Amino acid sequence: EIRNYSIYLGNFNQLWYGSIDGLKVIRDARVYDQSNANLLLKQRINSIEETEDSTLVLGTHGFGVIFYRNGTVILQVTKEQGLCNDICRRVFIRKDQIFVTTPSGVSVLFYKDGKVESIKNITKGNFLPSNDVNDVYADDKEIAIATSEGVAVISQIELEKSEKNIPKLNFKSI
């Protein structure tokens with residue numbers, strides 16, 4: 001028995017699903033295993049969403065976020081690039097913002113023209129009651145984040161402000 005973790009109805013009535021052993025799609029009543037295209041697609045997929053440019057955004061369990069388009073992995077974003085954690089529980093897309101919930105906070109990826117232009121992390125250090133985040137929802141005005149210690153509601157304006165006002169520390173001596 002195969003464990004399945006996510007499901008998404010994409011363009012052209014393709015039903016994508018993520019299992020413990022990777023990405024699959026049901027098209028024309030047949031199952032197609034996508035995991036042979038790339039080793040990253042053989043990993044557990046916890047969440048699937050799709051951008052406006054028809055790129056699938058896959059939240060993996062330990063390998064960060066994978067961007068998949070036309071049968072190819074076009075991008076992988078991990079902790080090394082600024083993601084809160086490589087364990088991604090949920091992906092939520094709102095316009096050019098891709099929200100990724102993790103056990104270490106929420107990463108907001110600003111996506112444009114097939115690229116992640118920047119990443120902003122929301123954690124206990126700035127807005128959350130806990131870094132252990134399970135789900136997120138955002139609209140034009142607010143972002144609601146479900147954590148293990150309550151729900152945080154942040155205005156989009158506050159997120160934008162916090163992005164611009166984070167000073168870079170430069171120690172000359174201690």
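**Note on the predicted model**

1. Gly82 is partly exposed, with a relative accessible area of 26%. Gly82 sits in the loop between β8 and β9. Its distance to Ser19 is 26 Å, C-alpha to C-alpha, and the two are 63 residues apart in sequence. The model is predicted, and every value in this note should be read that way.

2. Overall fold content. The chain has 1 helix and 15 strands. Its radius of gyration is 17 Å, against the 16 Å that the globule rule gives for 174 residues, so the chain is as compact as a globular protein of that length. The C-alpha trace spans about 60 × 35 × 35 Å along its principal axes. Of the 174 residues, 42% are buried, a class that requires under 20% relative accessible area.

3. Another glycine in a loop. Gly62 lies between β6 (56–60) and β7 (65–69). Its relative accessibility is 32%, so Gly62 counts as partly exposed, since that class runs from the 20% limit to the 50% limit. Leu40 is 22 residues away from Gly62 along the chain, and their C-alpha atoms are separated by 10 Å.

4. Salt bridges, and the Asp53 pair. The structure holds 8 salt bridges. One of them joins Asp53 to Arg69, with the closest N and O atoms 3.7 Å apart. Asp53 is in the loop between β5 (45–50) and β6, while Arg69 is in strand β7, so this pair ties together parts that are 16 residues apart in sequence. The 3.7 Å contact is inside the 4 Å cut-off for a salt bridge. Both ends are partly exposed: Asp53 has a relative accessible area of 32%, and Arg69 has 26%.

5. The Arg89 pair. Which residue does Arg89 pair with in a salt bridge? The partner is Asp132, and the closest N and O atoms are 2.5 Å apart. Arg89 belongs to the loop between β8 (72–77) and β9 (90–94), and Asp132 to the loop between β12 and β13 (133–138), so the bridge ties together parts that are 43 residues apart in sequence. Arg89 is partly exposed at 30% relative accessible area. Asp132 is partly exposed too, at 26%.

6. A bridge within the helix. Lys161 forms a salt bridge with Glu158, the closest N and O atoms being 3.6 Å apart. Both residues lie in helix α1 (residues 156–164), with a spacing of 3 residues, about one turn of the helix. Lys161 is partly exposed at 45% relative accessibility. Glu158 is partly exposed at 34%. Elsewhere, salt bridges with shared partners join Glu49, Arg90 and Asp135 into one network.

7. Negative patch. Which residues gather in a patch of negative charge on the surface? They are Glu52, Asp96, Asp113 and Glu117. Membership requires over 30% relative accessible area and no salt bridge. Glu117 is located in strand β12 (residues 115–122). With a relative accessible area of 57%, Glu117 is exposed. Asp113 is found in the loop between β11 (105–112) and β12. Asp113 is also exposed, with a relative accessible area of 67%.

8. Most residues other than glycine have a negative phi. What is the relative accessible area of Asp113? The value is 67%, so Asp113 falls in the exposed class, which starts over 50%.

9. Positive phi at Asn70. Asn70 has a phi near 50 degrees, again a positive value in a residue other than glycine. Asn70 occupies the loop between β7 and β8. Is Asn70 buried or exposed? Asn70 is exposed, with a relative accessible area of 75%.

Note on methods:
Residues numbered from 1 in each chain as written. Predicted model: local features only at pLDDT ≥ 70, side-chain atom pairs only at ≥ 80, totals over all residues. Heavy atoms only, no water. Patch = residues over 30% accessible without salt bridge, like charges linked within 9 Å, V, L, I, M, F, W, Y side chains within 5 Å. Areas by Shrake-Rupley, 256 points an atom, 1.4 Å probe, with all protein chains shown as cover. Salt bridge = Lys/Arg side-chain N within 4 Å of Asp/Glu carboxyl O. Lys, Arg positive; Asp, Glu negative; His and termini not counted. Charge placed at Lys NZ, Arg CZ, Asp CG, Glu CD. Helix = DSSP H or I, 4+ residues; strand = E, 2+ residues; numbered from the N terminus. Buried < 20%, exposed > 50% of the residue type's maximum accessible area, 1.4 Å probe, protein only. Rg over C-alpha atoms; globule rule 2.2 N^0.38 Å.
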